[in-house]
Amino acid sequence: MSQKFIPVVPKDIAADPYVSREWQKMLDGEIYDAGHPLFLKELIATRKKIKRYNDLDPESPELTTLLRDILGGCGENVVFNQPFRCDYGCNIKVGENFMANFNLTILDEATVTFGDNCLVGPNVSIYTACHPLDAQQRATMVEWAEPVTIGNNVWIGGSATIVPGVTIGDNCIIGAGSVVTRDVESNTVVAGNPAKVIKRL
């Protein structure tokens, strides 16, 4: 993860100057127009790809091809057990030797980046989308997003939740059922809600 991940802007988004600026604001953590029709169109396009992926035979050679089409970056020896769900897909990058168990959900309005040799348990959720506290402002469909960065050799236990803006260092273990609300120092085990350090490795 030495190089910053810069995702490719979807073609229809890039073709519209206003929406392209809004997309960049989304990636930069600024408030943006999340309800624009072209954003919704892109979400639907990804959902169609995800449906195809989840409906494939687990031994189909098309799984890897379609996964690489969905994700913004993908190393070798990568497995996403079906079902898998995400918003845009293009804002997700995984490194080498990645394995995600069933029901991984990633809301990738901002970038979500995994290093090498990561294991993700079943029913893990990773969020980047943030919404205003004010109900009237929230109803206008504006939002912002904060990236999630996960280092090398990280094991995320089943049913863990990682909230927007979190960075998890190398060699960490996230206990099952944890809610990770702040950055996690490398070489630590964290668990609980909110997750706290319970052991240093």
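Trainee: What makes β1, β12 and β11 an open sheet of three strands?

Mentor: Start with the order, β1-β12-β11, in which the pairing is antiparallel. The edge strands are β1 and β11, each of which pairs on one side only. Keep in mind that this is a predicted model, where local features need pLDDT of at least 70 and side-chain atom pairs count only at pLDDT 80 or more, while totals for chains, interfaces and linings use all residues. Numbering starts from 1 along each chain as its sequence is written, and side-chain values use heavy atoms, with hydrogens and water left out.

Trainee: How do you know that strand β1 and strand β12 are joined?

Mentor: Count the bridges: two of them join β1 (residues 32-33) to β12 (residues 142-145), and the strands run antiparallel. Pairing takes at least two bridges found by DSSP, so β1 and β12 qualify. Y32 stands opposite E143 in β12, and D33 stands opposite V142. A strand here is a DSSP run of E with at least two residues, and a helix is a run of H or I with at least four, each kind numbered from the N terminus.

Trainee: And what pairs with β12 in the antiparallel sense over two bridges?

Mentor: That's strand β11 (residues 129-130). C130 has W144 of β12 as its bridge partner.

Trainee: Which strands form the open sheet whose pairing is parallel?

Mentor: Five of them, in the order β2-β5-β8-β13-β16. Inside it, β8 (residues 112-114) and β13 (residues 148-150) pair over three bridges, and V112 has V148 as its bridge partner in β13.

Trainee: Why do β2 and β16 stand at the edges?

Mentor: β2 (73-74) and β16 (167-168) each have a single partner strand, so one side of each is left without a neighbour in the sheet.

Trainee: On to helices. Are α3 and α4 roughly parallel or roughly antiparallel, and how do you know?

Mentor: Helix α3 (residues 37-55) and helix α4 (residues 62-70) pack at about 160°, with axes 10 Å apart. Angles over 145 degrees count as roughly antiparallel, and α3 and α4 are therefore in that class. The angle is taken between N-to-C directions, from 0 to 180 degrees, with axes fitted to C-alpha atoms over the stretch in contact. The crossing of α3 and α4 is left-handed.

Trainee: Which residues make the contact between α3 and α4?

Mentor: From α3 it's K49, I50, R52 and Y53, and from α4 it's E62, L63, L66, L67, D69 and I70 (contact means heavy atoms within 4.5 Å). The residues divide into six nonpolar, no polar and four charged. Leu, Ile and Tyr count as nonpolar, while Asp, Glu, Lys and Arg count as charged.

Trainee: Which residues form one aromatic cluster?

Mentor: W23, Y32, F39 and Y88. A search of the whole structure finds six aromatic pairs; rings of Phe, Tyr and Trp (its six-membered ring) pair if their centres lie within 6.5 Å.

Trainee: What is the peptide bond from Q82 to P83, cis or trans?

Mentor: Cis, with omega near 0°. P83 sits in the loop between β3 (78-80) and β4 (84-86). The bond from N193 to P194 is also cis, with omega near 0°, and P194 is in the loop between β19 (188-191) and β20 (196-200).

Trainee: Which residue has a positive phi although it is not a glycine?

Mentor: N77, with phi at about 60°. You'll find N77 in the loop between β2 and β3.

Technical notes:
Parallel < 35°, antiparallel > 145°, perpendicular 65-115°, else oblique. Left-handed = near helix turned anticlockwise from the far one by under 90°. Phe/Tyr/Trp six-rings, centres within 6.5 Å; stacked < 30°, edge-to-face > 60°.
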